[in-house]
Amino acid sequence: MKQLLRVQNFTVSSDGIAAGEDQTLERPFGHRIDPRELMAWAVATAHWPNRTDPGGSRGLDDYFTRDFTHNIGAEIMGRNKFGPQRGPWHDHQWRGWWGDEPPFHTPVFVLTHHTRPSFTLSDTTFHFVGGDPADVLARAREAAQGKDVRLGGGVSTIREFLDADLVDTLHVVVTPVKLGSGLRLWDSPDELLDRFHLEVVPSPSGVTHHLFWRR
């Protein structure tokens, strides 16, 4: 079976914005964006990957957070998802926002124009790679050993792989919050309907799950 490139649990506002501009170490989602508001639907679930206490909601939203690791053998992420640094890497001691136990549990390929040595935290190994999307995906698929590859974001990375026509499925969660400005995934999900089927599933939590798969 084909190894899929999948976007999972990617969350945007009602006006299509997933992150603010002017990202800093203290503000991973950028200026004016409160990640607790944007990601409240996922944080509330029993299978939220960063949950450290028992409990959490069950049902539709939890189904999607539980699916986060299912048949995933590698992840591709943009440099901004790894950290706020720009340009050459001056501090190799700082190892990203994910702490000593990153939630990926697979090889992770971080897109960057400035490579640095790979390193491992727990069972996650970060590789810093350049190249065009097709080349990076080929490396990730090899590392995934037959499993699917998750495209983790952020916005620019997902748009880059969409433009290269490499994405097979997308799960995008739309929250009932309007942000007005920031990094926008789309003006409307209808923009993808020339290449993807779409099913829209509202959740009792107030978010709406958009499920895209290739035509």
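1. In helix α6, the buried residues are V155, T157, I158, F161 and L162, where buried means under 20% relative accessible area, exposed over 50%, and partly exposed in between, with a 1.4 Å probe and protein chains only. Because these residues cover an arc of only 165 degrees around the axis, they are on the same side of α6; the arc is that of the directions from the helix axis to the C-beta atoms. On the other side of α6, S156 and D163 are exposed, and the helix is followed by D165, whose phi is positive, near 60 degrees.

2. This is a predicted model, in which local features need pLDDT of at least 70 and side-chain atom pairs count only at pLDDT 80 or more, while totals for chains, interfaces and linings use all residues. Residues are numbered from 1 along each chain as its sequence is written, and side-chain values use heavy atoms, with hydrogens and water left out.

3. The protein has 6 helices and 11 strands; helices (H or I, at least four residues) and strands (E, at least two) are DSSP runs, numbered from the N terminus. The radius of gyration is 17 Å, close to the 17 Å that the globule rule gives for 215 residues, so the protein is as compact as a globular protein of that length; the radius is taken over C-alpha atoms, and the rule is 2.2 Å times the number of residues to the power 0.38. Buried residues make up 45% of the 215 residues.

4. The largest nonpolar core has 30 residues, and those with the most contacts inside it are L5, I76, F161, V167 and L170. Elements giving two or more residues to this core include β1, β3 (72-78), α5 (133-144) and α6 (155-163). Apart from it lies another core, of 10 residues, among them M77, V108, V110 and F119. Such a core is a set of buried Ala, Val, Leu, Ile, Met, Phe, Trp, Tyr and Cys residues joined through side-chain atoms within 4.5 Å.

5. Leaving aside neighbours within four places in sequence, the residues in contact with K81 include W97, W98, F104, G153 and G154.

6. T11, in strand β1 (residues 5-12), is buried, with a relative accessible area of 4%. A polar contact of 3.0 Å joins the side chains of T11 and W41, and a polar atom of the T11 side chain lies 3.4 Å from the backbone oxygen of N9.

7. T106 belongs to the loop between α4 and β4 and is buried, with a relative accessible area of 8%. Leaving aside neighbours within four places in sequence, T106 is in contact with I72, G73, A74, E75, D123, T124 and T125. T106 and G154 are 48 residues apart in sequence and 18 Å apart in space, C-alpha to C-alpha.

Key:
Contact = heavy atoms within 4.5 Å. Polar contact = N/O pair within 3.5 Å; in protein donor to acceptor, adjacent residues only side chain to side chain.
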